[in-house]
Amino acid sequence: MNKNIEKIISYLKIEQLRNDKRVVVFLICVLIATALWFLNALEKDYTTTISYPVRYVSPPNHQFLANVPPEKLDLKVDAHGFTLLRHKLNFSYSPIILNLTNITRNLESDNGTYLVPTNTLNRRISSQISNEISLQQVTPDIIRIVLDSLKTKSVPVRADVSIDFKSQFNLKNPVSLKPAVVKITGPASIVDTIRFLTSEKRTFKELDKTITRNIKLIHPTSTTVVPVEALLQIEVEKYTEKQIRIPIQVINKPADVRIKLFPSEITLNCRVGLSEFDNISDADFRAMVDYATISNSESRLRVKITDKPSFVEITRFSPESVEYLIETY
């Protein structure tokens with residue numbers, strides 16, 4: 001057996017083939033016969049499936065394609081073998097163009113959703129592929145098209161920043177974006193849910209100076225925003241401590257009751273920017289106790305700070321609770 005295999009291998013060697021013209025003639029005949037068979041096969045008609053890309057254009061006025069319909073359609077076609085071979089060898093087809101206004105015109109919608117039967121598109125599709133090909137069927141049977149109206153509205157913007165200040169530094173004014181309001185345009189179903197937009201996330205560490213820079217605004221991919229950026233302003237200044245004494249007021253006290261507090265005022269320590277240091281006084285603050293919270297089990301009333309300037313940070317105050325004496329008329 002092994003000898004026979006070795007004999008066949010040696011017979012098929014290039015040198016042997018060159019010396020034996022019968023083998024060469026036989027191989028040429030095989031090639032010619034194969035070519036003739038292949039050409040004869042291509043003369044016949046065949047049914048096959050070709051996958052074509054699709055592009056959706058021209059939605060109705062003021063509307064927007066809100067979903068992602070099929071990117072390709074499978075076309076079952078009949079054609080000569082030569083035609084099919086030519087198309088199979090052409091790996092990139094020009095996309096089939098479907099006009100959204102035309103294909104949805106006579107269809108009823110369900111909240112903007114149209115179900116388009118592909119058998120109604122045969123004429124449109126046939127006109128865009130080779131006239132040598134006969135279209136038999138399109139898959140999928142239904143194309144789902146969701147159209148939404150375009151809407152524009154104004155929404156506020158918010159800065160998404162994380163700030164770590166250097167010692168003795170803090171905000172001079174609240175962090176701001178300019179403009180504070182932008183216009184967003186997109187599908188009504190999306191735009192109606194948007195109450196505000198945020199900027200890209202930014203982190204600042206050891207901040208001791210004012211920051212002013214443009215920053216992008218984040219919005220859904222199917223929408224557009226004007227402008228696309230806002231000016232971020234973080235005004236920073238050095239802070240110092242200030243001590244103020246303010247009287248304690250009593251709320252919810254009956255008219256026929258007199259109450260004395262011990263002590264009757266508190267000492268308040270706050271942090272304030274150097275630019276505002278001379279502008280604050282005890283009149284800018286309010287400390288109070290609530291008469292309605294008096295009970296037999298409590299001999300002291302808790303002090304609360306109810307009013308203060310927005311640019312001031314209270315660090316501590318003392319005392320945090322006071323004794324009281326009630327007198328009746």
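Strand 9 (residues 169–171) and strand 17 (residues 236–251) run antiparallel and are joined by three bridges, where two strands are said to pair if DSSP finds at least two bridges between them. This is a predicted model, in which local features need pLDDT of at least 70 and side-chain atom pairs count only at pLDDT 80 or more, while totals for chains, interfaces and linings use all residues. Residues are numbered from 1 along each chain as its sequence is written, and side-chain values use heavy atoms, with hydrogens and water left out.

**Partners of strand 17**

- Opposite Ile-244 stands Leu-268, which belongs to strand 19.
- With strand 20 (residues 286–290), strand 17 runs parallel, and four bridges join the two.
- The bridge partner of Ile-251 in strand 20 is Asp-290.

- Thr-104 lies in helix 5, which covers residues 100–104.
- Thr-104 counts as buried because its relative accessibility is 4%, given that buried means under 20% relative accessible area, exposed over 50% and partly exposed in between, with a 1.4 Å probe and protein chains only.
- The side chain of Thr-104 reaches the backbone oxygen of Leu-100 at 2.6 Å.
- Apart from its neighbours within four places in sequence, Thr-104 is in contact (heavy atoms within 4.5 Å) with Pro-60, Tyr-114, Val-116, Ile-145 and Leu-147.

Technical notes:
Polar contact = N/O pair within 3.5 Å; in protein donor to acceptor, adjacent residues only side chain to side chain.
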